Structures are given as C-alpha cells and as structure tokens.
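Hi everyone, thanks for making the time.

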Amino acid sequence: MKGNFEFRTRKSNRSLWVIECIGPTCSWRLRASKIVPESTKFVIRKYVGVHCCSLLNRNANHRQATYVVIGEQVAPQYVGVEKGPGPKGVQTFARTKLGAQISYYKAWRGRKHAHTLIRGSPEQSFHILPSYFHMLEKLNPGTVTRIEVDGESRFKYLFLAFGVAIRGFRYMRKVVGIDGTFLKGQYRGVLLVATAQDGNGQCYPLAWGIVDSENEDAWTWFLTQLKEVIGDTDELALISDRAPSIKKAISIVFEKAHHGACAWHVAQNIKNKFKCVDIKGSYWSAVNAYICEDFAGYMTEISHRYPRVAEYLENEVGFEKWSRCHYPGLRYNITTTNMVESLNSMLVNARDFPYVALLDVIQEKMSKWWNYRRILNPVTYHVKGGELEGVVDIFNKTCTCKEFDIDKLPCVHVIAAVHHA
C-alpha cells in the first residue's frame with residue numbers, strides 16, 4: 001500500500017487466499033493457505049515481491065485503503081489516551097505511514113472504527129454493563145450501582161456512587177452541587193453529576209448518572225438514588241441551576257434539604273434576559289454579603305439603575321435562593337456550581353465514548369484522585385518525644401496513650417499530629 005501499488009483478489013475461500021497486482025503483465029503475487037485444514041490461521045506459501053508493471057498503475061487513492069484498514073492501522077494511537085488524532089490527523093497518518101490519500105469522510109469513518117476496536121461498540125457496552133457494575137461493587141466495597149430499564153428491558157438510566165466517596169462524605173460540608181452535561185455518542189444521553197467540596201476546596205465527586213435527558217422523571221430517579229446514599233437532613237444544601245425539572249425533582253425527593261440557585265447561572269440569566277452587563281459588581285457584592293443591611297444597600301443600587309432586574313431577583317428568583325445572608329440553610333462559601341462544571345470539563349474528550357468506556361475513564365480518574373489525596377493526607381502518625389510515644393489515628397480518633405480515647409480531648413500526640421498535617 002505504501003508504494004501505491006494496488007492488488008486484486010485472484011482466489012479466496014476458507015482455506016486459500018491468492019492476490020496479484022492489477023497490472024496485467026506484473027509478476028507480483030502472494031499465495032497463502034491454512035496451516036492445517038482445521039486451523040483458523042494462514043501461512044504465506046509463495047510470495048513474489050517485485051513489481052514489473054508500469055508506474056502508471058500506481059494510485060495514491062488506494063482501493064485497499066478502506067476505512068476498516070485505516071482504522072486497524074491507526075487504532076494503537078487511541079490506546080491509553082482520551083482524545084487521539086482527529087479526522088485530519090488520520091488523513092496525515094494515512095498519507096505518511098501508508099502512502100494513501102484518503103478523504104475526510106473516510107478518515108472520520110476510520111477514526112470511528114478505531115474507537116470501536118479500542119473501546120467497544122455502544123451495543124457491546126449496553127450488553128456488558130450489568131457485569132461491569134457487578135465487578136465494580138465486588139472490587140470497591142460499599143459502591144452503589146443501579147440500572148433502570150423500561151418495560152421492554154431496554155436501558156433507561158444508570159447510577160454509580162463509589163464506596164470511598166460515600167464513606168468520606170460524612171466528614172464533608174453538606175453542600176452538594178448537581179448538574180448535567182450532554183453526551184455525544186451514538187445514543188446521546190446526559191451525564192448527571194453530584195459533587196461536594198472537601199476541606200481543601202477540591203471537588204469531591206459523590207455520584208454519577210446517565211439518563212436520556214434532563215427531564216423531571218430522570219432527575220427524580222437520579223436524586224432518589226442519591227438520597228439513599230447521602231440521606232436527607234436540614235444540614236444538606238443542594239445547589240443547581242434554575243431548570244424547572246431540577247427544582248421540581250428536588251421538591252419531590254428531598255423534604256428536609258434546602259435548595260439554592262447557582263449565582264453564576266442567575267447572573268447569566270440576567271445578562272440574557274435584560275441585556276445589562278454593568279450590573280456585575282453590585283450583583284456579586286449582594287451575593288457574597290454576610291449582613292442583610294449590606295445586602296439591602298447593594299440591592300438599592302441595583303433597583304435604582306435596573307428596577308426590573310431587582311424585581312426579577314426578589315420575586316422570580318427569590319433572595320433565599322442566591323443570597324448568602326438570606327439562604328435558610330448552610331451553603332458556606334459555595335455560591336456556584338463551578339465544582340460540577342470542573343468535572344464536566346474534565347470529561348470533555350470522553351463524552352463521545354460508549355457508556356462503559358466513559359465509566360472506565362471516570363473510575364480511573366477517581367482512583368488517581370483518591371490515591372493522591374490519601375498520600376497527601378495520611379491519617380496515622382507516629383509521634384515521638386516526651387515521656388511517652390503515641391500512634392495517632394485521626395480517622396478513628398484514637399491514640400495509643402489512650403487519653404484521646406477515654407477523655408475525648410486531644411492529647412499532646414494528637415495536637416502534634418494535627419499541627420504536622
């Protein structure tokens with residue numbers, strides 16, 4: 001192929017394959033047959049590798065450069081990476097490595113075929129999904145998985161929450177951001193994400209879901225599964241955009257938790273609805289105000305310049321949804337769903353993968369995160385010095401000196417360990 005010589009099949013059956021150059025007088029040919037009759041492998045029996053045909057027979061638009069061949073050749077470049085070469089990159093690969101000139105469409109089909117070889121087809125993904133979830137639960141204690149099907153046993157929704165995330169949420173601030181992002185694979189769908197924030201201000205992914213679209217039924221199902229994982233208390237705050245489907249689903253599923261609106265989405269709604277951009281300073285000052293008197297001052301500034309915006313923020317959105325000082329629960333310093341958007345950005349290249357391949361990417365990234373943070377944040381310390389050494393386990397709140405265990409007050413070893421941490 002690289003020499004731009006085309007060939008035709010002279011004979012092909014289950015036990016024999018003979019090909020020859022398309023030049024009528026050329027002696028180039030290859031003959032292969034099965035090793036033994038019952039084998040599935042072929043061995044080359046005869047090969048004449050020298051072309052003696054005219055150079056006019058050479059063709060850069062090689063007839064054997066099908067999208068299947070191109071996909072098989074370029075497939076190794078997609079192993080272990082999320083993106084790999086695009087169609088133009090595949091065209092370059094075919095030209096430089098195979099000597100073939102191919103169209104953009106054939107390159108696109110070749111890339112798609114390579115993806116299928118490496119990551120499987122969407123149909124294969126649906127077939128192995130139950131087994132995949134079974135192994136996740138077996139190898140990750142405490143992991144919760146759910147698959148919902150319709151009346152004809154066709155896939156409808158899925159839910160995944162890793163056990164390590166569920167256990168760690170007990171020690172997090174009870175603020176959970178939820179959002180969805182569109183998938184771009186053959187069967188589309190929407191990836192739903194619920195994430196908290198750890199003590200270092202880093203994303204703490206809690207749960208993942210794939211549904212058909214961001215509708216009320218899908219959100220209700222996802223939030224019902226989430227409620228089983230994190231519970232429903234007055235301390236819990238759920239932050240999202242102002243989509244009616246999310247708002248309705250939260251009111252159905254969570255009776256005690258408080259719902260807050262993402263302040264950034266509210267700002268975007270103001271920009272699109274009222275076409276005003278110079279309100280940002282007063283608006284964000286109002287969002288972050290701790291004292292109601294300060295908040296009232298900023299709202300006065302807004303109402304003087306944009307009375308319709310002030311009315312929108314008070315009556316349509318509600319102060320209690322986006323203002324820190326009016327929020328009825330505890331949302332701390334978390335006023336937006338940026339932590340969810342960060343996760344969505346992390347998966348931008350994997351959004352066209354089959355579902356199991358997408359979940360593999362999520363699992364790999366989460367494993368790296370947990371392992372990295374575990375290394376950075378050890379929970380056991382061996383404290384030396386003083387009259388007695390002590391081994392402190394911060395996670396279980398114990399120390400070998402037993403003072404911490406019995407008095408429930410930090411001993412000198414615990415204080416030293418916390419100071420070191």
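Let me begin with a term I'll need in a moment: a crossing is called right-handed if the near helix is turned clockwise from the far one by less than a right angle, and left-handed if the turn is anticlockwise. One caution before we use it: what you see is a predicted model.

Now to the helices. Helix 1, residues 67-74, passes helix 3, residues 104-119, in a right-handed crossing. The angle there is about 55°, and the axes lie 7 Å apart. Angles from 65 to 115 degrees would count as roughly perpendicular and those under 35 as roughly parallel, so helix 1 and helix 3 come out as oblique to each other. Who makes the contact? From helix 1 we have Tyr 67, Val 68, Gly 71, Glu 72 and Val 74, and from helix 3 come Lys 106, Arg 109, Gly 110, His 113, Ala 114 and Leu 117. Sorted by class, that contact holds 5 nonpolar, 3 polar and 3 charged residues.

Helix 1 has another partner, helix 2, residues 87-98. Here the packing angle is about 85°, with 11 Å between the axes, and the two helices are therefore roughly perpendicular. On the helix 1 side, Ile 70, Gln 73 and Val 74 take part; helix 2 brings Val 90, Phe 93, Ala 94 and Leu 98. This contact has 6 nonpolar residues, 1 polar and no charged ones. Notice Val 74, please: that residue is listed in the contact with helix 3 and in the one with helix 2.

In what order do its strands run? The 7 strands form an open sheet in the order 5-6-9-8-7-10-11, with mixed pairing. At the edges sit strand 5 (144-149) and strand 11 (258-261), each pairing on one side only. On average, neighbouring strands are turned by 20° against each other, ignoring direction.

Last stop, the aromatics. The count comes to 18 aromatic pairs. Take Phe 126 and Tyr 355: their ring centres are 5.3 Å apart and the planes meet at 85°, so this pair is edge-to-face. It links distant parts of the chain, as Phe 126 belongs to helix 4 (residues 122-139) and Tyr 355 to helix 14 (residues 355-376), 229 residues apart.

That's my tour, and I'm happy to take questions.

Conventions:
Residues are numbered from 1 along each chain as its sequence is written. This is a predicted model: local features need pLDDT of at least 70, side-chain atom pairs count only at pLDDT 80 or more; totals for chains, interfaces and linings use all residues. Side-chain values use heavy atoms; hydrogens and water are left out. Axes are lines fitted to C-alpha atoms, for helices over the stretch in contact, and angles run from 0 to 180 degrees between N-to-C directions. Helices (H or I, at least four residues) and strands (E, at least two) are DSSP runs, numbered from the N terminus. Angles under 35 degrees count as roughly parallel, over 145 as roughly antiparallel, 65 to 115 as roughly perpendicular and the rest as oblique. Contact means heavy atoms within 4.5 Å. Ala, Val, Leu, Ile, Met, Phe, Trp, Tyr, Cys and Pro count as nonpolar, Asp, Glu, Lys and Arg as charged, and the others, Gly among them, as polar. Two strands pair if DSSP finds at least two bridges between them. Rings of Phe, Tyr and Trp (its six-membered ring) pair if their centres lie within 6.5 Å; planes under 30 degrees apart count as stacked, over 60 as edge-to-face and the rest as tilted.
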